[in-house]
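Please have the model open beside you as you read.

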Amino acid sequence: MTSISGKTTTDWAAFAAELAPVEVISEPVLVKKRSRDFFWYSPILDRRLKTCFGDLVARPKFPAEMARCLTLSARHRIPTTLRGGGTGNYGQSVPMEGGLIIDTTEMGRILEIGPDFVRVEAGCNILTLNNALKEKGRELPVFPSTQDIATIGGFISGGSAGIGTVSHGMLRDAGNVLEIKALSAEDPPREHVFRGDDINMIHHAWGINGVITELTLRTVPTEDWIGCIATFDTYPACYAAGMALAASPICRKLCSTLDARIVAYFDRLKGIAPEGRPMLVTLIPRPQIDDFRALIADHNGQIALEMDEAERLTRKLPHAFEFSYNHTTLQALKTDRKVTYLQILCPAPLNVAKITELQGVLGDDVYMHHEFSLMGGQRVAFDLPLVKYTTDERLYQIMALYEAHGCPASDPHSCIIEEGGMKKADYRHLAWKKRMDPLGLLNTPKTREWARVRDMTPEAILALHQT
Ligand SMILES: Cc1cc2nc3c(=O)[nH]c(=O)nc-3n(C[C@H](O)[C@H](O)[C@H](O)COP(=O)(O)OP(=O)(O)OC[C@H]3O[C@@H](n4cnc5c(N)ncnc54)[C@H](O)[C@@H]3O)c2cc1C
């Protein structure tokens with residue numbers, strides 16, 4: 001069996017046989033399909049990653065099978081990339097050096113639902129998990145808008161925030177993730193349990209420093225959520241209402257505001273959201289709907305939709321949260337392949353004047369979209385603007401404009417972890433990589449700094465963090 005990636009010399013048929021009884025996929029079309037995620041949101045990543053493929057997919061069903069995959073990939077020095085639902089949008093799960101893809105989706109058992117926590121295998125689909133929690137009156141505090149496809153392990157490894165962040169904070173904020181069990185990529189693998197501050201050493205590390213097998217997560221009471229849409233005369237007015245809702249005692253699970261030109265892309269809202277008006281999208285607990293209506297009226301907004309789950313199903317409408325976070329970009333890309341997006345932080349304290357100021361300097365090619373959020377206890381907003389793509393230079397110029405106006409950008413057009421939100425190497429992550437992946441097999445091309453530290457001890461790497 002030849003190398004699908006064209007980058008490895010392994011005898012893949014022999015390796016697949018050695019993996020038995022672990023199920024494998026070797027059909028090139030299917031391997032190539034499972035080598036992709038949503039990197040094509042970015043024209044830059046699309047050029048860089050569209051020809052990167054793995055060579056073989058393994059689908060372990062039990063912890064012992066996962067350990068077998070890692071033992072053999074370590075023994076044969078095979079580059080290994082973990083994959084959950086494949087919904088990451090920076091190419092996090094794209095194997096850049098070929099090799100083995102480990103698909104976790106067969107390892108998705110819910111192990112324990114406690115009064116305020118859940119213990120679950122990493123490959124569990126998030127919708128399945130939320131449905132099981134709902135039966136017990138609970139739900140995840142934070143989940144991504146991709147819950148129908150994404151795995152909980154992929155979210156904790158690749159994601160950072162989502163539906164619920166406006167109330168419950170970022171994934172990294174204390175108390176949301178309680179414990180992470182992970183295996184090292186060694187022959188044989190060792191298990192390590194991350195707790196307390198160490199959780200952030202493997203959370204959002206893109207699977208470069210250990211293979212998450214099990215997670216214990218906080219849960220919160222579920223609600224009878226009403227998906228609501230309100231529209232406004234201007235974007236600053238819409239943003240002001242978003243700020244007020246995020247700061248109010250209403251227990252909203254989502255608070256997003258969208259420029260009218262983004263709303264124009266939403267075919268499913270034609271006839272619901274009036275044209276030419278910016279839109280606020282939220283999820284409100286049924287008992288607080290009157291408070292929400294009053295808040296919108298105070299901000300001169302008009303309510304365009306209030307739908308509970310039964311109505312949503314009857315009208316065959318998407319969830320309200322499918323008009324938020326990165327689903328916004330997806331909805332736009334369905335009709336316009338020339339759009340892309342950015343990720344910008346509006347730091348605390350939020351103010352409407354900043355939006356007007358930015359509108360004055362950003363061009364007509366930038367359509368604002370804010371996700372009101374709680375981060376480390378502070379009220380911030382993430383702007384995920386749609387951008388009418390023209391050139392790479394223009395994209396970076398827009399990021400520079402935001403930065404010049406006090407709003408830091410995280411580059412979503414890079415698949416290198418040090419070039420994204422982090423902007424610099426996190427040597428604590430790299431020290432853990434050295435401990436959990438001493439051979440540098442796990443998704444290593446995604447870290448630029450590994451080449452510098454690969455021959456150092458974890459302690460020496462950690463010392464770089466302290467200097
Ligand atoms: C339309 C759209 C909307 C999105 N909305 C959100 C959002 O609301 N919030 C948000 O944070 N993100 C969002 N994202 C990004 C992405 O969907 C989430 O991060 C998602 O939860 C990833 O889960 P996944 O199972 O698809 O992971 P994958 O894409 O399969 O993997 C993500 C990363 O995790 C690693 N990984 C997977 N499983 C493991 C494991 N068991 N151990 C170690 N590493 C592992 C992979 O190697 C990869 O680096 C969105 C993306 C799209 C395309």
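How many Å separate the centres of domain 1 and domain 2, taken over C-alpha atoms?

1. The answer is 35 Å. Please keep in mind that this is a predicted model. The domain assignment places domain 1 at residues 12–103 and domain 2 at 225–410.

2. On the contact between the domains: nine residues of domain 1 touch 13 residues of domain 2. Together the two domains bury about 890 Å², and carbon and sulfur atoms give 57% of that area. On the domain 1 side, Trp40, Tyr41 and Ile44 are worth a look, as they supply 57% of the area that domain 1 buries against domain 2, more than any other three residues.

3. Now the polar side of this interface. Five residue pairs are in polar contact between domain 1 and domain 2, counting pairs with both residues at pLDDT 80 or more. By class, the face of domain 1 that touches domain 2 has six nonpolar residues, two polar ones and one charged one. The rule finds one salt bridge across the interface. Arg47 and Asp392 meet through their side chains in a salt bridge, with 2.3 Å from N to O.

4. Which residues come nearest to the ligand? They are Leu82, Gly84, Thr87, Thr151 and Ala161, out of 38 around it.

5. A polar backbone atom of Gly88 is 2.9 Å from a ligand oxygen. For ligand nitrogen atoms, a backbone N or O atom of Ala161 lies 2.6 Å from one, and a polar backbone atom of Ile212 is 2.9 Å from one. The ligand taken alone exposes 980 Å², and the protein buries 98% of that.

Definitions and conventions. Residues numbered from 1 in each chain as written. Predicted model: local features only at pLDDT ≥ 70, side-chain atom pairs only at ≥ 80, totals over all residues. Heavy atoms only, no water. Domains from an automatic or database assignment. Contact = heavy atoms within 4.5 Å. Buried area = accessible area lost by both parts, 1.4 Å probe. Salt bridge = Lys/Arg side-chain N within 4 Å of Asp/Glu carboxyl O. Polar contact = N/O pair within 3.5 Å; in protein donor to acceptor, adjacent residues only side chain to side chain. Nonpolar A, V, L, I, M, F, W, Y, C, P; charged D, E, K, R; others polar. Near = heavy atom within 4 Å. Areas by Shrake-Rupley, 256 points an atom, 1.4 Å probe, with all protein chains shown as cover.
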